[in-house]
Amino acid sequence: NTYIGHNVTIAENVSIGNNVFIGHGCHIGENCIIDKGARLSSNITIIKNVKISKNVEINSGTVIGGSGFGLFTKNKKHSRIPHVGNVVIGKSVSIGSNCCIDRGTINDTKIGNNTYIDNLVQIAHNVIIGKGCIIAGQTGIAGSAIVGNFVTIGGQVGIVGHIKIGNNVMIAAKSLVTKSMLSNQ
């Protein structure tokens, strides 16, 4: 009961479960796992080493598993840090159109179960997002940030890297989060 649309490319060592829908023009890179009930709209790129759990929905134009924006500078010359980690997307996650979720440098980038991500969201390398989160459009989460469970993030929010946002926190639209935030009981 799996549907694979026109002009879909599937690389080696890919596992696709039952009742999966893969729309026209998608690319599934090597070593990816797409669990049962997942729905991928058209023109989605899954780079490599991505695990998509059961009943995940991904909308058109999204790229998952691309190399992150990790750089180091030596003698005024910029070089890329290799990104060899993976992306793990939990069960029943919804990802909007034209989102980018980068693979980790060494550790994995993770999206928790039942999280909803709006259109045009950037999730950088090594980010961990807990379960039941809501992330509105044009939000950018920088590398190695940790977002707790049931966090609500308004539109056009920027979150700097290497900070932790606790459980149940609500972040208003157009906010810039520069420091860690404790859980809200």
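Nine strands line up in an open sheet with parallel pairing, in the order E1-E4-E7-E10-E15-E18-E21-E24-E27. Its edge strands are E1 (3–4) and E27 (170–171), each of which pairs on one side only. Strands here are DSSP runs of at least two residues (E), helices are runs of at least four (H or I), and both are numbered from the N terminus; two strands pair if DSSP finds at least two bridges between them. The model you are looking at is predicted, so to speak of local features a pLDDT of at least 70 is needed, side-chain atom pairs count only at pLDDT 80 or more, and totals for chains, interfaces and linings use all residues. Residues are numbered from 1 along each chain as its sequence is written, and side-chain values use heavy atoms, with hydrogens and water left out.

Strand E1 runs parallel to E4 (residues 21–22), and two bridges join them. Isoleucine 4 has isoleucine 22 in E4 as its bridge partner. Further along the order comes E15 (residues 94–95), which holds serine 94. Is serine 94 buried or exposed? Serine 94 counts as buried because its relative accessibility is 14%, where buried means under 20% relative accessible area, exposed over 50%, and partly exposed in between (1.4 Å probe, protein chains only). Leaving aside residues up to four places away in sequence, serine 94 touches Glu57, Thr115, Tyr116 and Ile117; a contact means heavy atoms within 4.5 Å.

For an antiparallel pair, turn to E12 (residues 71–74) and E13 (residues 77–80), joined by four bridges. Threonine 73 has histidine 78 in E13 as its bridge partner. Two residues lie between the strands of this hairpin, and asparagine 75 takes a positive phi near 55°.

Now for the chain as a whole. It has zero helices and 28 strands. Its radius of gyration is 16 Å, close to the 16 Å that the globule rule gives for 185 residues, so the chain is as compact as a globular protein of that length. That radius is taken over C-alpha atoms, and the rule is 2.2 Å times the number of residues to the power 0.38. The C-alpha trace spans about 45 × 45 × 25 Å along its principal axes. Of the 185 residues, 41% count as buried. Among contacts with a separation of 6 or more, 12% come from residues 24 or more positions apart.
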